[in-house]
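Here is a short briefing for a first look. Start with the sequence and the structure below.

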Amino acid sequence: MEPDLHSVIMKFFIYICLFLLTGPQLLAGTLHVSRNDQSGKAYRTIKEAVGAAAAGDTILIHGNAIYVEQTITIDKPLFIKGIDWPVLDGERKHEILAIKSDDVVIEGLKLQKSGYSSYNDIAAVRIYNSRNVHIRNNILEETFFGIYSQHGTSCVISG
């Protein structure tokens with residue numbers, strides 16, 4: 001007995017929907033950032049990893065290090081996760097993370113000593129005109145503005 005045309009079309013439609021929903025995650029890569037990596041497989045700076053990452057990639061930043069990199073601009077959809085609370089230090093001069101892309105997740109970082117300026121609104125994390133940004137479960141210390149959303153839409157800040 002042959003399947004009817006309606007059944008075949010429905011299955012095809014379901015497969016296409018599933019691929020569109022999960023396909024990008026299947027193709028996404030994981031990049032590691034570590035100052036203590038002896039294998040040479042990890043990036044030494046967060047900026048290098050962000051520059052090398054493709055949209056949708058995950059960047060894992062390993063702890064036991066302080067990263068002092070001035071302003072790190074996130075300009076593509078990324079999932080950035082700290083492992084064992086890596087510290088990003090703004091040296092009391094710089095914005096630490098500038099998010100200029102939709103669909104970014106920042107999680108598990110200790111952000112400290114951002115710059116301060118009432119004119120420029122320097123923040124530890126600043127969202128610039130972006131959508132669907134999730135900033136969750138981070139530690140912020142000694143920041144002028146902790147998290148500043150400048151025209152962010154559908155963003156979630158928690159923990």
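Ile66 counts as partly exposed because its relative accessibility is 47%; partly exposed lies between buried (under 20% relative accessible area) and exposed (over 50%), using a 1.4 Å probe and protein chains only. The model is predicted: local features need pLDDT of at least 70, side-chain atom pairs count only at pLDDT 80 or more, and totals for chains, interfaces and linings use all residues. Residues are numbered from 1 along each chain as its sequence is written, and side-chain values use heavy atoms, with hydrogens and water left out.

- Ile66 sits in strand E3 (residues 66-67). Helices (H or I, at least four residues) and strands (E, at least two) are DSSP runs, numbered from the N terminus.
- Leaving out residues up to four places away in sequence, Ile66 touches Arg35, Val87 and Asp89. Contact means heavy atoms within 4.5 Å.
- Pro86 is 20 residues from Ile66 in sequence, yet their C-alpha atoms are 6.4 Å apart.

**The largest nonpolar core**

- This core has 27 residues, and Ile59, Leu88, Leu97 and Ile99 touch the most other members. A nonpolar core is a set of buried Ala, Val, Leu, Ile, Met, Phe, Trp, Tyr and Cys residues joined through side-chain atoms within 4.5 Å.
- Among the elements giving two or more residues to this core are helix H2 (46-52) and strand E10 (123-128).
- Beyond four places in sequence, the contacts of Leu97 include Ile72, Leu88 and Val125.

**The whole chain**

- The protein chain has 2 helices and 14 strands.
- Of its 159 residues, 36% are buried.
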